[in-house]
Amino acid sequence: MRKKASLVVVGGGIVGLATAMEWSARYPDLPVVVLEKEREIASHQTGHNSGVIHSGIYYKSGSLKAQMCVAGVALLERFCEEHGVPFESCGKLIVATSNEELPRLEELFRRGVGNGLQGLRMLGREEIREYEPHAAGVRGIHVPVTGIIDYARVAKAYAAVILERGGEIYCSSEARAISRSGNETVVETNTGEIETAFLVNCGGLHSDRLSRMAGAKLDLTIVPFRGEYYDLAKDKELLVRGLIYPVPDPRFPFLGVHFTRRIGGGVEAGPNAVLALAREGYNKQSFKAKDVLGYATFPGFWIMAAKYGKVGVEEYYRSWSKRAFVRSLQKLVPEITEADLVPGGSGVRAQALSRRGKLIDDFSFAYADGVLHVCNVPSPAATASLAIAKYVTDTIVRHVGDPHRTASFAAPALD
Ligand SMILES: Cc1cc2nc3c(=O)[nH]c(=O)nc-3n(C[C@H](O)[C@H](O)[C@H](O)COP(=O)(O)OP(=O)(O)OC[C@H]3O[C@@H](n4cnc5c(N)ncnc54)[C@H](O)[C@@H]3O)c2cc1C
């Protein structure tokens, strides 16, 4: 028999789970189901990231990223305190390593103040060393509210709350077709069909495919960018106390390789940003023709390639050359040598690209025909997950009205 739910969320990453949890808090009597194609939740971006609780300093004032990151930090930390998820507000340094970077550093400081961040400090060369004795830089910003956390653990805590409230999470359940009839959406999965009044697409690296599956014409594609890390050798971890970041290049939506202390111990260096040859391509050798053809046949890809070609080639070089990777890191901590780094993990970012070749910077969402598509939620979406969930739930309600009054939402029983 076909299953039924008031809300189906496709994608058991941190954004999908936060959305299901928010729904179950607001509408405990209207069942929610999360579909996740992998055997476990948090298997992709949520389980392969830097584990940083971002402060909101980087994002343009008024952008969704700025609003949701700042709101998300407070919500996330409160949730973690209530549910025993460890995190540490260790603060971070952003350092300008040349005079040319100073105007951008000052702009970041202004953005941070504009976004309401408390306690920001502009530092001189000597003050940088009070926080990070081995870091180099002409000036820096200390950002006290930045923290570290394990987002896979956060996602598991969200999942536990969903289950406690009577929601369901089906792992190894891949959405393969989506159709709309009347006021209902039917999702076909490898384990059967599920009927719902409303669907949220939180498919991460596959969100564009899911939106096409649902018949939406969104004029964007997901381009996968792999981020590779090295780990600092145990006896060199003392070179980094917390987090040390460069001033990001404003033309590119990534932050540049940096040092990150992990909540579970150890220090990572990275990630770079290499165009991946598979959406879930965690290794240099990963290749999936369907994925490459997917973006190579999208008109915006070649516009982007022309614009970022040089940076892209440099990133490939740095991916294969440890020496080049170390040279970037030495700008931040000059004492680091190749021998101090051992290969670490990797993650793949889902980055939306427009038909006009623009890497979409801000979070982006689209509603079409009973489905809310979460189109672009790159970093800091893990930090912002609870704020995103509120926005998504508000958007659903804006489109359907009070779910209790919408006939098709009337508490269908799960069988
Ligand atoms: C290298 C890297 C570093 C990052 N660092 C940070 C950081 O320090 N701080 C921060 O805040 N953010 C960071 N981010 C960003 C953050 O990890 C992501 O923005 C966030 O995890 C996105 O969550 P999500 O739920 O949208 O995606 P995902 O975690 O990718 O989840 C999507 C899920 O959908 C499932 N799915 C896809 N298609 C289907 C289908 N057809 N049927 C069923 N399930 C499906 C997938 O299996 C997957 O589990 C980083 C990201 C990367 C890659």
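The model is predicted, so local features are reported only at pLDDT of at least 70 and side-chain atom pairs only at pLDDT 80 or more, whereas totals for chains, interfaces and linings use all residues. Numbering runs from 1 along each chain as its sequence is written, and side-chain values rest on heavy atoms, with hydrogens and water left out.

Helix packing is a friendly place to begin. Helices (H or I, at least four residues) and strands (E, at least two) are DSSP runs, numbered from the N terminus. Axes are lines fitted to C-alpha atoms, for helices over the stretch in contact, and angles run from 0 to 180 degrees between N-to-C directions. Helix H1 (residues 14–26) packs on helix H10 (residues 385–400) with the axes 8 Å apart and at an angle of about 60°. That angle makes H1 oblique to H10, on a scale where under 35 degrees counts as roughly parallel, over 145 as roughly antiparallel, 65 to 115 as roughly perpendicular and the rest as oblique. The crossing of H1 with H10 is right-handed; a crossing is right-handed if the near helix is turned clockwise from the far one by less than a right angle, and left-handed if anticlockwise. In contact terms (heavy atoms within 4.5 Å), H1 contributes Ile14, Val15, Ala18, Thr19, Met21, Glu22, Trp23 and Arg26, which meet Ser385, Leu386, Ile388, Ala389, Lys390, Val392, Thr393, Asp394 and Ile396 of H10. This contact of H1 with H10 comprises 10 nonpolar, three polar and four charged residues, where Ala, Val, Leu, Ile, Met, Phe, Trp, Tyr, Cys and Pro count as nonpolar, Asp, Glu, Lys and Arg as charged, and the others, Gly among them, as polar.

Helix H2 (residues 64–83) meets helix H5 (residues 151–164) at an angle of about 70°, the axes being 11 Å apart. H2 is therefore roughly perpendicular to H5, and the two cross in a left-handed sense. On the H2 side the contact is made by Leu76, Phe79, Cys80 and His83, and on the H5 side by Tyr151, Val154, Ala157, Tyr158 and Val161. Eight of these residues in the contact of H2 with H5 are nonpolar, one is polar and none is charged.

The axes of H8 and H9 cross at roughly 105° and come within 5 Å, so H8 and H9 are roughly perpendicular to each other. Here Tyr317, Arg318 and Trp320 of H8 meet Lys322, Ala324, Phe325, Arg327 and Ser328 of H9. The contact of H8 with H9 divides into four nonpolar, one polar and three charged residues.

On a 1 Å grid over the protein atoms alone, a pocket is an open set of points with protein on both sides within 12 Å along at least five of seven lines, a cavity is a set where a 1.4 Å probe fits but cannot get out, and lining residues have an atom within 4 Å of a point. Grid points are joined across faces, edges and corners, and a volume is the space filled by probe spheres set on the points. The second largest pocket holds about 790 Å³ of space. It is lined by 27 residues, of which Asp249, Gly256, Glu315, Arg318 and Lys331 are the closest to its centre. Helix H8 (299–320) and helix H9 (322–330) each supply at least two residues of this lining, and the largest share, six residues, comes from H8. The lining of the second largest pocket has 13 nonpolar, four polar and 10 charged residues.

The structure also holds one cavity of 30 Å³ or more. The largest cavity has a volume of about 60 Å³ and is lined by Gln45, Gly204, Ser207, Ile222, Ala350, Val374, Cys375, Asn376, Val377 and Pro378. Strand E20 gives the most to this lining, with three residues. Six residues of the lining of the largest cavity are nonpolar, four are polar and none is charged.

A cis peptide bond joins Ser379 and Pro380, with omega about 10°, and Pro380 sits in the loop between strand E20 (371–376) and H10. Another cis peptide bond joins Gly270 and Pro271, with omega about -5°; Pro271 lies in the loop between strand E16 (267–270) and strand E17 (274–275).
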